[in-house]
Amino acid sequence: MNAPAVGPMTPSASTLDIARIRADFPILSAVTVNGKPLVYLDNGASAQMPRQVIDRLVRYHTHEHANIHRGVHYLSETATNAYETARKTVQRFLNAKEDREIIFTANVTDSINLVAHSYGGAFLSAGDEVVITHLEHHANIVPWQMLRDEKGVKLRVAPINDAGEVILEEYEKLFNARTKFVSITHVSNALGTINPVKAMIDIAHRHGVPIMIDGAQAVQHMTVDVQALECDFYAFTGHKLYGPTGIGVLYGKAALLEKMRPHRGGGDMILSVTFEKTTYNTIPFKFEAGTPQIAQAIQLAAAIDYVNAIGLTSIAQHEQALLSYATERINSLGGVRIYGEAKHKSAVISFYVGDVHPHDVGTLLNGEGVAVRTGHHCAQPVMQRFGIPATARASFAFYNTFEEVDALVTAISKVQKLFD
Amino acid sequence: MDPKFLYQEMILDHNKKPRNFGKLDDATHRAEGLNPLCGDHIWVALKVDAETIGAIAFEGHSCAICKASASMMTAAVKGKPIATAEALVEEFRQMVTVGMHATPSPALARLTAFAGIKDLPSRVKCAVLPWHTLDAALHQTANATTEGDADPAASGRH
């Protein structure tokens, strides 16, 4: 994930045809804000959807919809086929060994709760320890705290340095005989730090501990190969990957998923039910009780096809060029502090303008048409680590342009003048 | 709405040089106000004597909208009878949630600078937090929050 060489203040040429790509995203030209063109830099919260993915929903509901895994009629078989094909698309996207290792969930939060409940509920007991890092989103803190309160497990937190990087030696020091699970983020949503997950997975496995990776901020920026990583669980979400909301993924090694108990009971997750006894279905269906998000899973597959067609290598290169250019230009303004200076960073810039509260910055940037996230980014411990209540955060996607970086920088300089 | 209509000189001035900012040692009434979504966190202290707000102060950390609102609020209610302050709290809340009354009371005066925030729903809570907190202090409830039942954006409350 090294940034390509970028000369001072000169945007590097991109291998992507950005104008053509932008034409695929209707919202980018359909919306103006306060009379100005939309500059959408809140992709870390939710990315926009290309026409190909929007149209997939229309096609599904025009030609293919029925409930899945139930009927013998034409539409049910068509829908089932599309849904299970989507699972195979996700399998290839993560390079999972088998498609039954892919569980459709609602989002990453849902995926982590599933593991905390189903794995934690079955295999963790009082006094056992779960390791997380100081970089986690609340979604990877609260489910473990709930397990702590329920079962008496302990939460151990790996510290970060001033650049916002996990201190690997301190992470390894947390392991002991009571360490029974690790759950860490791949990329920090608040700071952009890309964790050395392969090294962290190897450390966990050296201590015989299974590990889950929260990939909410990773899969849209870089190739993820769960077999090469050897992680035990991996989670990501659809709407940050140019797909719809309401669909997420949990990858789990088949051997582990088979040992886990289902977290929800209902239809589709059973083989047989009598009032005396229920036999659970096999994986992945054991974890997909009730009618799932069929249309959204199929749209997610369309989003993956779209991203693959552009190519994650080209995407990463363009986004890293945007990051370098934006970092340089923001730093050259003077008086803007960037939080998160990890050596390996995704295209996220968390910043504080002088002593202006980020919510004022966000409102004023919006007045210039620039959409950024403001607040604690559901990562309050990260904010506490740096002694700030919140930041403004610009997060880039492959459809963003160097001109949009310029618009962001101009808008920030206007805030500086106003609060001078 | 162009936010520059909100971030006008008077509001920026009150943010930079807030009036009645600091502690009030001999306060008779206090309350803490918190907006957990954006981290605005303030304290309002009053000295009430003979049903009149003799002294008022606020402190804490907040965005410019919240700070300016608090500063201008303290200036507006200082030396006023409690009943007048309570009526002003209600009128301010109405103005930033429902809209300005056709004939705003003279007491509202320069506070009408905040009327435009009605069109920025995500920021209404910032402007109204000091007023919630003042209300809580007057009624001796320990603290105010912009969430739950006290949410100014929730429908049907006022």
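1. Chain B and chain A bury about 1300 Å² between them, with 57% of that area on carbon and sulfur atoms; buried area is the accessible area (1.4 Å probe) that two parts lose on being put together, summed over both. The structure is a predicted model, in which local features need pLDDT of at least 70 and side-chain atom pairs count only at pLDDT 80 or more, whereas totals for chains, interfaces and linings use all residues. Residues are numbered from 1 along each chain as its sequence is written, chains are lettered from A and ligands numbered from 1 in the order in which they are written, and side-chain values use heavy atoms, with hydrogens and water left out.

2. The contact between the chains (heavy atoms within 4.5 Å) draws 18 residues from chain B and 13 residues from chain A.

3. One salt bridge (a side-chain nitrogen of Lys or Arg within 4 Å of a carboxyl oxygen of Asp or Glu) is found across the interface of chain B and chain A. D360(A) pairs with R123(B) in a salt bridge whose closest N and O atoms are 2.9 Å apart.

4. On the side of chain B that touches chain A, α1 (9–16) and α2 (64–77) of chain B each supply at least two residues; helices are DSSP runs (H or I, at least four residues) and strands likewise (E, at least two), numbered from the N terminus. α1(B) provides the largest share of that side, three residues. The residues of this side divide into 11 nonpolar, two polar and five charged, where Ala, Val, Leu, Ile, Met, Phe, Trp, Tyr, Cys and Pro count as nonpolar, Asp, Glu, Lys and Arg as charged, and the others, Gly among them, as polar.

5. Within chain A, the domain assignment gives domain 1 (18–30 + 311–418) and domain 2 (54–308), with bounds that come from an automatic or database assignment. The centres of the two domains, taken over C-alpha atoms, are separated by 28 Å.

6. Domain 1 of chain A places 34 residues in contact with 30 residues of domain 2 of chain A. The area buried between these domains is about 2600 Å², of which carbon and sulfur atoms give 57%. L312(A), V382(A) and R385(A) supply 23% of the area that domain 1 buries against domain 2, more than any other three residues.

7. The count between the two domains of chain A is one salt bridge. The side chains of R385(A) and D162(A) meet in a salt bridge at 2.9 Å, N to O. α14(A) gives the most to the side of domain 1 that touches domain 2, with six residues.
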